[in-house]
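Q: Please take a close look at one part of this model and describe how its residues are placed. Include whatever is needed from its surroundings.

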Amino acid sequence: MILYNKLAQILKDRNMQWKDLCNGGISINTTSKFSQNRTMNTENIDKVCEYLNVQPSEIMEWISNDEYQKMQNEKARDRFKFCVNVKN
């Protein structure tokens with residue numbers, strides 16, 4: 001699974017938002033795909049790297065599907081705990 005969490009961190013560090021990538025020739029729908037870790041073509045990755053002047057390894061990382069699923073389960077568990085604590 002390819003994750004774009006590093007890209008999100010770069011944007012945060014530069015006080016930018018996902019929509020700011022549109023200035024680099026990326027459509028608003030594509031920025032949404034990045035933010036949701038969806039499949040991305042190399043042309044869009046190239047545009048982002050050119051716009052931000054970074055290497056691909058600086059904006060994305062690979063993790064196994066098992067590790068990704070474990071992360072998703074932990075997030076869901078944390079959301080559930082938060083909801084339970086809010087009700088109490």
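A: The exposed residues I28 and N29 lie on the face of α2 that is turned away from its buried side; exposed means over 50% relative accessible area, buried under 20%, and partly exposed in between (1.4 Å probe, protein chains only). The model is predicted, so local features need pLDDT of at least 70 and side-chain atom pairs count only at pLDDT 80 or more, while totals for chains, interfaces and linings use all residues. Residues are numbered from 1 along each chain as its sequence is written, and side-chain values use heavy atoms, with hydrogens and water left out.

Helices (H or I, at least four residues) and strands (E, at least two) are DSSP runs, numbered from the N terminus. In α2 the buried residues are T30, T31 and F34. They line one face of the helix, because they fall within an arc of 100° when seen down its axis; the arc is that of the directions from the helix axis to the C-beta atoms. This buried set packs against α1 and α3, where contact means heavy atoms within 4.5 Å. Just after α2, N37 takes a positive phi of about 55°.

F34 also takes part in an aromatic pair. Rings of Phe, Tyr and Trp (its six-membered ring) pair if their centres lie within 6.5 Å; planes under 30 degrees apart count as stacked, over 60 as edge-to-face and the rest as tilted. The count by this rule is one pair. Its rings belong to Y4 and F34, with centres 4.8 Å apart and planes at 85°, so the pair is edge-to-face. The pair links distant parts of the chain, since Y4 sits in the loop between β1 (2–3) and α1, and F34 in helix α2, 30 residues apart. Both Y4 and F34 are buried.

The structure holds zero disulfides, a disulfide being a pair of cysteine sulfur atoms within 2.5 Å. The cysteine sulfur closest to that of C22 is in C49, 16 Å away and too far for a bond. C22 is partly exposed, at 29% relative accessibility, whereas C49 is buried, with a relative accessible area of 8%.
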